[in-house]
Amino acid sequence: MAKNLVVYYSRKGENHMPGGIQVLEKGHTAYAAEFIARAVGADIFEIDTVKPYAANYRECCMEAVQEAKAKARPEIKGYVDSIAGYDNIFVCFPCWCGTAPMCVFTFLEHYDWADKKVIPLCTNEGSGLANAPRDIAAACPGAVVAEGLSVRGHQVKDSEEIIASWAKENV
């Protein structure tokens, strides 16, 4: 039986939603990651940066743009001890600057991805997966990168069945 891992980065606090900025107690991507873990019986790991992003949404967007332009790799608080025992690794993230947040790449570039299946899920408000699948494939040499799923952030809480079905199809 395949062993599954869900790795995610999710922004709490101020987020863009239809109608403007809203404060979220829990980020959209965290819900999606939990739905996947429940559906496929996966371990779960949250990526967390050492230096928090700005609480203000617009300031955070500016930080994300600066990181993307610099191809920065922000320091994160920790890593999974090893991915060797996992067959399928779901990578869940919000779309920032047309790809995953740079802290996701900090995590990805830490491991040997040979013979792993990487399955991306992106929350967004209209950009879809953008360049994330290509960028993730470049960060995970040796992995097979599956077709990802794009979910509107403001619809995540109502999308458990869709997310769970997609996750099950990919393992």
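User: Are Y9 and Y53 buried or exposed?

Analyst: Y9 is buried, and Y53 is buried as well. The term buried stands for a relative accessible area under 20%, exposed for one over 50%, and partly exposed for values in between (1.4 Å probe, protein chains only). The model is predicted: local features need pLDDT of at least 70, side-chain atom pairs count only at pLDDT 80 or more, and totals for chains, interfaces and linings use all residues. Residues are numbered from 1 along each chain as its sequence is written, and side-chain values use heavy atoms, with hydrogens and water left out.

User: How do you know that Y53 is buried?

Analyst: The relative accessible area of Y53 is 10%, so Y53 counts as buried.

User: Why is the pair of Y9 and Y53 called edge-to-face?

Analyst: Rings of Phe, Tyr and Trp (its six-membered ring) pair if their centres lie within 6.5 Å; planes under 30 degrees apart are stacked, over 60 edge-to-face, and the rest tilted. For Y9 and Y53 the centres are 6.1 Å apart and the planes stand at 70°, so the pair is edge-to-face. The structure holds 9 aromatic pairs.

User: Where in the chain do Y9 and Y53 lie?

Analyst: Y9 is in the loop between β1 and β2 (13-17), and Y53 is in the loop between β4 (43-46) and α2; the pair links distant parts of the chain, 44 residues apart. Such elements are DSSP runs numbered from the N terminus: helices (H or I) have at least four residues and strands (E) at least two.

User: What makes Y53 and W96 an aromatic pair, and which kind is it?

Analyst: Their ring centres are 5.0 Å apart and the angle between the planes is 85°, which gives an edge-to-face pair. W96 is in the loop between β5 and α3, whereas Y53 is in the loop between β4 and α2, so the pair ties together parts 43 residues apart in sequence. W96 has a relative accessibility of 12% and therefore counts as buried.

User: Which residues do ring pairs link into a cluster?

Analyst: The cluster consists of F45, Y79, F107, Y111 and W113.

User: Which residues touch the most other members of the largest nonpolar core?

Analyst: They are I47, F107 and L108, in a core of 33 residues. A nonpolar core is a set of buried Ala, Val, Leu, Ile, Met, Phe, Trp, Tyr and Cys residues joined through side-chain atoms within 4.5 Å. The largest share of this core, 6 residues, comes from α3. A second, separate core has 22 residues, among them A32, A42, L121 and W166.

User: How do you know that I47 is buried, and which residues is I47 in contact with?

Analyst: The relative accessible area of I47 is 2%, so this residue is buried. Neighbours within four places in sequence aside, I47 is in contact (heavy atoms within 4.5 Å) with V7, Y8, Y9, I76, C103, V104 and F107.

User: Why can the buried residues of α2 be said to line one face of the helix?

Analyst: The buried residues of α2 are Y57, C60, A64 and E67. Seen down the helix axis they fall within an arc of 80°, so they line one face of α2. The arc is that of the directions from the helix axis to the C-beta atoms. R58, M62, Q66, K69 and A70 are exposed on the face turned away from this buried side.
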